[in-house]
Amino acid sequence: MFAIVEIAGLQYKVEQDQKLFVNRLSGDKGGKVSFDKVLLTVNGAITVGAPAVNGITVEAEILDHVKADKVIVFKKKRRKGYKVKNGHRQSLTQIQITGITGFEGAPKKAAKKETAKAEILSDNETVNFGEDHELNYHLKKNGLSQSKENREALVTLGKEVKAELGKDVLTHADVDAAIVKNIENFKALNK
């Protein structure tokens, strides 16, 4: 279990009991701090925030206020006699992550989404009656001509089958079964 959280303008990957250095935070040594701008969590399932995950907080304890190693800033212009040497030490705070809270119910929501997605048929399994090439495919498969009249008859037949079965979309098997059942109507159009 881990989270990506924004602390003092920077993003960190944090886990339980992890120690890390962050930019100077206000608060005394031994104090508690809380961060609620959690961008991503992983607890069995990945939850990505937009921009932050709601209800998740990262709790931490301030261990110490320290300064980082010195960084030398040296400027020089050759042949001009110009040299400037400066140093800088960044102020840091050492914190320890005490907990990531708010995970109750997150896996349950993910499970509901997965079951809802499993019930939806893919576009490859359903027939779109607005596409001539799909209608032509079914007409050719059943040995019928791909004329405009046959396509129109297939569209009306599809509406009847949808009403009869009580479905919003039909699968390829449903359409083929309806064509075989009503093949005489198509043969009468071809005469």
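**Charges over rings**

I began with the rings and found lysine 13 over the face of phenylalanine 2, at 4.4 Å from the ring centre. My rule for a charge over a ring is NZ of Lys or CZ of Arg within 6 Å of the ring centre and within 35 degrees of the ring normal. Lysine 77 also turned up, its charged end over the ring of tyrosine 82 and 5.6 Å from the centre.

A note on the source: this is a predicted model, in which local features need pLDDT of at least 70 and side-chain atom pairs count only at pLDDT 80 or more, while totals for chains, interfaces and linings use all residues. Residues are numbered from 1 along each chain as its sequence is written, and side-chain values use heavy atoms, with hydrogens and water left out.

**Ring pairs**

How many aromatic pairs did I get? The count is zero, taking rings of Phe, Tyr and Trp (its six-membered ring) as paired if their centres lie within 6.5 Å. Planes under 30 degrees apart would count as stacked, over 60 as edge-to-face and the rest as tilted.

**Salt bridges**

Next I searched the whole structure for salt bridges and got four; the rule is a side-chain nitrogen of Lys or Arg within 4 Å of a carboxyl oxygen of Asp or Glu.

One of them joins glutamate 6 and lysine 37, at 3.8 Å from N to O. Glutamate 6 belongs to strand 1 (residues 2–7) and lysine 37 to the loop between strand 4 (32–35) and strand 5 (38–42), so this pair ties together parts 31 residues apart in sequence. Strands (E, at least two residues) and helices (H or I, at least four) are DSSP runs numbered from the N terminus. For accessibility I call a residue buried under 20% relative accessible area, exposed over 50% and partly exposed in between (1.4 Å probe, protein chains only). Glutamate 6 is partly exposed at 25%, and lysine 37 is partly exposed at 36%.

I also noted glutamate 61 with lysine 32, their closest N and O atoms 3.9 Å apart. Glutamate 61 is in strand 7 (residues 57–67) and lysine 32 in strand 4, so the pair ties together parts 29 residues apart in sequence. Lysine 32 is exposed at 61%, whereas glutamate 61 is partly exposed at 24%.

**Around helix 2**

Which residues of helix 2 (residues 132–141) are buried? I listed Glu134, Leu135, Asn136, His138 and Leu139. Just after this helix, glycine 143 takes a positive phi of about 75°.
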